Amino acid sequence: MAKRTTNRPQKRLTFIDIIKGNFLNRDEIKTHYKYFLLLFILMMAMIFSNHLVNKKIKIVNALKEETEEYKSRNAYAQSKLIKVKMESQLGKEVAKDSLMTLENHPHKLLIKLDSTDAKTK
């Protein structure tokens with residue numbers, strides 16, 4: 001005598017069954033394994049692409065910091081260049097008036113008055 005197939009209702013899928021992985025043993029999953037495999041591959045591709053995007057973001061941030069450093073260096077060099085140009089222009093104007101730049105700084109003269117000299121005057 002052949003076995004009689006009985007359609008017994010499967011128990012409901014609960015959250016704990018999903019956590020434990022018991023849902024993988026159900027008959028519905030076995031018939032549609034290709035779709036679940038496709039979902040798994042798509043999720044792995046999404047995780048990998050997210051990882052690559054995070055790497056690129058780190059590289060972009062490092063390059064932004066580097067460009068800010070170079071911009072500040074450029075601004076400093078330009079201000080220094082402007083000063084040098086102004087000094088050379090000033091040197092040309094002074095040379096027209098036949099003035100020379102000082103090689104030694106001027107000395108400060110201190111004059112002390114004696115109290116005796118102040119009374120006699």
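The side chain of E69 meets that of R73 in a salt bridge, with 3.3 Å from N to O; the term requires a side-chain nitrogen of Lys or Arg within 4 Å of a carboxyl oxygen of Asp or Glu. Side chains of opposite charge can pair when their charged atoms come close.

Both E69 and R73 belong to helix α3 (residues 33–96), where they are 4 residues apart, about one turn of the helix. A search of the whole structure finds 1 salt bridge.

## Helix α3 and the overall fold

The protein has 4 helices and 0 strands, in the order α-α-α-α from the N terminus; these elements are DSSP runs, with helices (H or I) of at least four residues and strands (E) of at least two. Helix α3 has 64 residues and reaches 94 Å from its first C-alpha to its last, close to the 94 Å expected at 1.5 Å a residue, the expected span being 1.5 Å times one less than the number of residues. Just after α3, S98 takes a positive phi of about 55°.

An unreviewed UniProt entry lists residues 33–53 as "transmembrane region", an annotation that may be inferred rather than shown by experiment. Over residues 33–53 the chain is 100% helix, and the end C-alpha atoms are 30 Å apart.

## Surface

Buried residues make up 2% of the 121 residues, and the accessible surface comes to about 13,100 Å², of which 62% belongs to carbon and sulfur atoms, by the Shrake-Rupley method with a 1.4 Å probe. L37, F40, I41, M43, M44 and I47 form a nonpolar patch with about 610 Å² of accessible area together; such patches join nonpolar side chains (Val, Leu, Ile, Met, Phe, Trp, Tyr) within 5 Å, from residues with over 30% relative accessible area and no salt bridge.

## Confidence and conventions

The mean pLDDT (the predictor's confidence in each residue, from 0 to 100) is 83, and 86% of residues reach 70 or more. Where pLDDT is low, the predicted coordinates should not be read in detail.

Residues are numbered from 1 along each chain as its sequence is written, and side-chain values use heavy atoms, leaving out hydrogens and water. Local features need pLDDT of at least 70 and side-chain atom pairs count only at 80 or more, whereas totals for chains, interfaces and linings use all residues.

Definitions and conventions:
Buried < 20%, exposed > 50% of the residue type's maximum accessible area, 1.4 Å probe, protein only. Patch = residues over 30% accessible without salt bridge, like charges linked within 9 Å, V, L, I, M, F, W, Y side chains within 5 Å.
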